[in-house]
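Visitor: I have a model open and a few things to ask about it. Can we go through them one at a time?

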Amino acid sequence: MTSQERPGVRLTDGFARDFPDLGVQWKAAEVPTPRLLALNEPLAAELGIDPAYLRGDEGLGLLTGTHVPSGATPVAQAYAGHQFGGYSPRLGDGRALLMGELPDGRDLHLKGSGRTPFARGGDGLAAVGPMLREYLISEAMHALGVPTTRALAVVGTGAAVYREQPLPGAVLARVAASHLRVGTFQFARSTGDVELVRRLADHAIARHYPQAADAENPYLALFTGVLDAQASLVAQWMLLGFIHGVMNTDNTTISGETIDYGPCAFMEQFDPATVFSSIDTQGRYAYGNQPPILQWNLARFAETLIPLVDDDENAAVETLTASLGTFPTRYQEAWTEGMRTKLGLPAALGRPEGPGDPEGSGDPEGSGEPGSGDGAAGSEAAEPILEELSRLLTATRVDYTSFFRALIPAAAGDTSPVRELVGELADGWLARWRALGPSVEVMETANPVYIPRNHLVEEALDAATAGDLGPFTELLVVVTDPYTERPGLERYASPAPPDASPHVTFCGT
């Protein structure tokens, strides 16, 4: 076999080469006894990588960072960020490495690959449970049609990770359109080097928003592109009942992909105040707060672009503030379109008020906090059928995913599944909704049967930590085909038992 025919992975080091000020060249920690725990063969094939290679010694080395292909320069990326509203000027990849860019332009990135200069006292390692959680949830999100980083593999290291108790260690290999974050721009802006910010913005435009390069004001067009992508993304989260749990600015991507699945979870009983994260004691990142928090994060992004948008700072702030002010409308348009699709209805005629409707918070030079997440004033021409539905969900606190799936037989005339969930409270609304002629076919493609139910996720991760990957593998198969109802899988479509303990998630750091 010639060197050209030899299987492997080709990586380039564009980011490392072009932005030495935004990363530190680094090497992963050695891995005593690597063992492949999960491999995303369809993704590997999509990337043109032979799964057999990834199962071999060199492939396992790539997936853990101990083998660096020729042409690659692994770096720990630098970024800043607002964490729970407080600014940290130097965060960065404390336990992660950007290995390089794949031939299709996406990043190959590792988590749990050892301490870096950004570790801030941490050990730089990761446990099996949190890494398999990210694999499971990110692949479920991809199957649900949500822009997200993708999990390529999880490799057990054979070393113990010490948290409250010793846990088996692991490294996650993931793929993303890029790992540029709002926090990356915040870090660049904090250096005072406007040309660094400009080069970073040009890089983001070339990589994610090439149409912005031809705009009258490319940097304003970049901001608008990110705003549109993030408005659409958070609307999709809301429509699925997904709660990210740690929406810091360093977890807000420029590409518009969901990133970092730490204390994430799916809401079961409908409640805008739902919080699962153990560290979110004030409910900052509650389900209903996600849209205004996203707008607040975008305000922080806007601040970094002020010197690029206009030489006159006041004019730049005015221009960016006007663009930022379009977020509530853009979010509501995306949410309304998605909700009408979930209900099998034609295109929206008005702008109803959805959960977490932003109030225009977060001017580029301000420090105001987002709203409480219980809805905003100012909705225009609200559609009664959606407003009534919001009141019905709030009053009944019904299981969110089950309710929408139960509407599918209701659209065809069988309302008993809905009545089993909410009783007679839905009768009037059901009659008015059915009179609009909802499409069963449309609803079947918009309302999943299966989501990663929190109690099942924990069950699978506990088993995997103990060495049994069977429950994880079974759950992964189910949630990566979420719209196809299959006999014998009823437990995967059911919420947690009534006597289950309240679900709490952790960052896994």
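Visitor: Where does Asp260 sit?
Guide: Asp260 is in the loop between strand 10 and strand 11. Bear in mind that this is a predicted model.

Visitor: Is Asp260 buried or exposed?
Guide: Buried, because its relative accessible area is 13%, and the cut-off for buried is under 20%.

Visitor: What about phi of Asp260?
Guide: It is near 70°, a positive value in a residue other than glycine. Most residues other than glycine have a negative phi.

Visitor: Which loop holds Arg397, where phi is also positive?
Guide: Arg397 lies in the loop between helix 12 (384-396) and helix 13 (400-411). Its phi is near 50°. Arg397 counts as partly exposed, because its relative accessibility is 44%.

Visitor: Which backbone atom lies 2.9 Å from a polar atom of the Asn248 side chain?
Guide: The backbone nitrogen of Phe84. Asn248 has 3% relative accessibility, so Asn248 counts as buried.

Visitor: Switching to Arg340. Where is it?
Guide: Arg340 belongs to helix 11 (residues 327-342). Arg340 is buried, since its relative accessible area is 6%.

Visitor: What does the side chain of Arg340 have at 2.6 Å?
Guide: A polar atom of that side chain lies 2.6 Å from the backbone oxygen of Pro346.

Visitor: How many residues of strand 6 are buried?
Guide: Six of the six, residues 96-101, so strand 6 is largely enclosed by the rest of the structure.

Visitor: And how does strand 6 run relative to strand 7, parallel or antiparallel?
Guide: Antiparallel, with five bridges joining strand 6 to strand 7 (residues 107-111). Glu101 stands opposite Asp107 in strand 7.

Visitor: What's in the turn of that hairpin?
Guide: Five residues lie between strand 6 and strand 7. Gly105 in the turn has a positive phi of about 95°.

Visitor: How many of the lining residues are nonpolar, polar and charged?
Guide: The lining of the second largest pocket has 12 nonpolar, six polar and five charged residues.

Definitions and conventions: Residues are numbered from 1 along each chain as its sequence is written. This is a predicted model: local features need pLDDT of at least 70, side-chain atom pairs count only at pLDDT 80 or more; totals for chains, interfaces and linings use all residues. Side-chain values use heavy atoms; hydrogens and water are left out. Buried means under 20% relative accessible area, exposed over 50%, partly exposed in between (1.4 Å probe, protein chains only). A polar contact is a pair of N or O atoms within 3.5 Å; within protein, one must be able to donate a hydrogen and the other to accept it, and residues adjacent in sequence count only if both atoms are side-chain atoms. Ala, Val, Leu, Ile, Met, Phe, Trp, Tyr, Cys and Pro count as nonpolar, Asp, Glu, Lys and Arg as charged, and the others, Gly among them, as polar. Helices (H or I, at least four residues) and strands (E, at least two) are DSSP runs, numbered from the N terminus. Two strands pair if DSSP finds at least two bridges between them.
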